[in-house]
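Here is a short report on one protein model.

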Amino acid sequence: MRFENDNGALVCYNNGEILRIEAWGKDSFRVRSAMLVKFTGDDRALTEIPAKTNTTVKIESEDHWVGDGTIDKRETASIVNGRIKAVVNFAGVISFYKDDKLILREYFRMYDGTISKSSRCLKIMNREWKGIIGGTDFSLNVKFDPNPGEKIFGMGQYQQNCLDLKGCVLELAQRNSQISVPFALSSLGYGFLWNNPAVGRVTFGNNYTEWIAASTREMDYYITVADTPKAIIDNYTMATGHADMFPEDLMGLWQCKLRYRTQDEALAVARRYQKEGIQLDQIVIDFFHWTVQGDWKFDEKYWPDPKAMADELHSMGIKVMVSVWPSVDRRSENFWPMMERGLLIRTERGAAQTYDYQGDCVEIDAFNPEARKYVWEVCRKNYYDLGIDGFWLDNSEPDFGVYDFENYRYCDGPALQISNLYPQMYSRAFYDEMSKGEKPVVNLLRCAWAGSQKYGNVVWSGDVPSTFEAFGEQLQCGLNMGLAGIPWWTTDIGGFMTDDVNDPDFRQLLIRWYQFAAYSAVMRMHGDRGPFNIPPLDDRDWGGGYLHTGQPNELWSYGEENYKIKKKYYDIRISMHDYITKLFEEAHTNGSPLIRTMFYEFPADPKCWELKDQYMFGEKYLVAPILQLNQFEREVYLPEGTWTLTSTGGKFDGGQTVAVSAPIEYMPVFEKDSSAIN
């Protein structure tokens, strides 16, 4: 092992590997390693210029006992950046310290007298590189020692009822309703970004933590330390970017369903809302308003004058969003021009097809700047120039027909190496152009990666079932997405897949989900509502008229009593406008999510690190959603302080668990004593 001090960075050379540890902003390191002599130079999520800090690098010799009983001198090295220190021993094993207390150490089981004191004959390396035969990439396996009692959060969105991820195995891959944002927040006071978009896996095991990249050219991660989760997220978003300031005229109600089939349908809904005295902030026009996938334009038969439609909606103060998919049908007027110019994803084997829903499709290669420009120019002409305000960038994982990642290739490399970055690159086809204008950019996506928060992305949780089980999972998804640095997160109110809108159990679920949505970042009605007995508009096998539509999904669509409850919570949402504006300002300045784990606001309370069925909406409101059918009472833990139950005005002392009533008309919400709020 050979060490160098490279202008304040620690560089290590060992057996063909180059390892570089350097300061990356306040109390933070970026750690890179490669077997190819040099680094790629890719920033990936670490796009922001880090603040300059002073580091101390030391290279020292230490005694090493050789097998024959003699002592040999071997070098070790350390680098310090504020409160974080990294020590690399003579075998290349890295240990990280916060205020000189060990927080993370690479897992190493080799027989050469290193820090490993047990099982040294296993021959397990801390960083295992395996060359991919016939290529320049490697598979990479990086292991760390476990920390007893540690809790792990963040990592994006996984459809499971786990908030604490310790003990979980997570696929590092994008799927419909699964979002890999590989930033982990530890209860030990550090945050860790796996700055690698390769398909792979992470295991937060009790015996070791293991990060795996199926195909990569370098190891790249970022680690930061701080005393609170809020300070860790602040450091992390300083390195990866902040969300823009969310526009105030989109903080109310968004209306959507599967699907408004005609211009007249969309306008009729907007006019009804105006008649009801409910201000819609945005109406969303879902898929198959187009001719075929990849034409990216309205079907003129059912949308004869989109500009006039947009003008009328704008006159009512309503913005308009349309769905855009990255899939291009072979029947599309854009298919062969894009295929011939190499603007579509390639397959390694078999037919050139990546997606097969309602057509034989290949998806755009969002890594190709020419492809991004092509798609934007078509959408600008056919949508944006007509007054469309935003884009619903659906299927943005992308949603492959089969998730065989090894069979797909982009212009920048194989999908195994970079596919997790796809949704961010897809969003940038629109954000990079729209942000040149004066209007704030807000687009809706089904997927994201680390750093996506800075590209105008509202991320929703995907096509999830309309069940209480799925509802509970979405709460865990939203909380962990916020801890992964993605503050603009939402769901389909009521879930996406509904068999029967007349089922009273579903209607109860819808109300409970709607109440939760009033206390989240974006309040958006959407769903595919059965029964599917509405006939198509025509008998063509293409265009805006042939595909099925769901049942009505407006606030008044579920009976008068339910409508009263929804109007009540709509009014609550509107009454919080100034407060919600403040929360979006926090997201913009320090990365704080709008829906927050209890420990985010009360990190000194051990009980708050255990809770996953209640949350804070900012610093003021404690929200206790109802996550079970026919549940009309629940227990709520109140941290230290004085709390007011908003339904009754009753006062409660903190530091206790209380039982509160939860009739269908009310979701328990407690307001924190204003004197205790900073």
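## Backbone sites and helix packing

R259 sits in the loop between β19 (253–255) and α2 (263–276). Helices (H or I, at least four residues) and strands (E, at least two) are DSSP runs, numbered from the N terminus. The model is predicted: local features need pLDDT of at least 70, side-chain atom pairs count only at pLDDT 80 or more, and totals for chains, interfaces and linings use all residues. Residues are numbered from 1 along each chain as its sequence is written, and side-chain values use heavy atoms, with hydrogens and water left out.

**Cis bonds and positive phi**

Most residues other than glycine have a negative phi, and most peptide bonds are trans. A cis peptide bond links L258 to R259, with omega about -10°. Another cis peptide bond joins G530 and P531, where omega is about 5°. P531 belongs to the loop between β33 (528–529) and α10.

S177 is not a glycine, yet its phi is positive, near 80°. S177 is found in the loop between β13 (169–172) and β14 (179–186). Its relative accessibility is 12%, so S177 counts as buried. Buried means under 20% relative accessible area, exposed means over 50%, and partly exposed is in between (1.4 Å probe, protein chains only).

Q358, also not a glycine, has a positive phi of about 55°. Its loop runs between β23 (346–347) and β24 (361–363). Q358 is partly exposed, at a relative accessible area of 28%.

**A buried aspartate**

D286 lies in the loop between β20 (280–285) and α3 (306–315). With a relative accessible area of 1%, D286 is buried. Which residues does D286 contact, leaving aside its neighbours within four places in sequence? They are K257, L258, R259, S323, W392 and H526. Contact means heavy atoms within 4.5 Å. Two of these partners, L258 and R259, are the residues joined by a cis peptide bond. D286 and E4 are 282 residues apart in sequence, and their C-alpha atoms are 57 Å apart in space.

**Helix pairs**

Two packed helices are described by the angle between their axes and the distance between the axes. Axes here are lines fitted to C-alpha atoms, for helices over the stretch in contact, and angles run from 0 to 180 degrees between N-to-C directions.

| Helix pair | Angle | Axis distance |
|---|---|---|
| α5 (369–382) and α7 (422–434) | about 55° | 9 Å |
| α8 (468–483) and α9 | roughly 15° | within 10 Å |
| α9 (504–518) and α10 (560–575) | about 10° | 9 Å |

Angles under 35 degrees count as roughly parallel, over 145 as roughly antiparallel, 65 to 115 as roughly perpendicular and the rest as oblique.

Take α5 and α7. They are oblique to each other. α5 passes α7 in a right-handed crossing. A crossing is left-handed if the near helix is turned anticlockwise from the far one by less than a right angle, and right-handed if clockwise. From α5, the residues R372, V375, W376 and C379 meet M425, R428, A429, F430, E433 and M434 of α7. This contact of α5 with α7 holds seven nonpolar, no polar and three charged residues. In this count Ala, Val, Leu, Ile, Met, Phe, Trp, Tyr, Cys and Pro are nonpolar, Asp, Glu, Lys and Arg are charged, and the others, Gly among them, are polar.

Next come α8 and α9. Their axes cross at roughly 15°. That makes them roughly parallel. α8 passes α9 in a right-handed crossing. F468, A470, F471, Q474 and L475 in α8 touch D505, Q508, L509, R512, W513 and F516 in α9. The contact of α8 with α9 divides into seven nonpolar, two polar and two charged residues.

α9 also packs with α10. These two are roughly parallel to each other. R507, L510, I511, Y514, Q515, A517 and A518 in α9 meet N562, I565, K566, Y569, Y570 and R573 in α10. By class, the contact of α9 with α10 has eight nonpolar, two polar and three charged residues.

**The whole chain**

The protein has twelve helices and 41 strands. Its radius of gyration, taken over C-alpha atoms, is 26 Å. The globule rule (2.2 Å times the number of residues to the power 0.38) gives close to that value, 26 Å, for 678 residues, so the protein is as compact as a globular protein of that length. The C-alpha trace spans about 90 × 70 × 40 Å along its principal axes. Of the 678 residues, 61% count as buried. Among contacts with a separation of 6 or more, 70% are between residues 24 or more positions apart.
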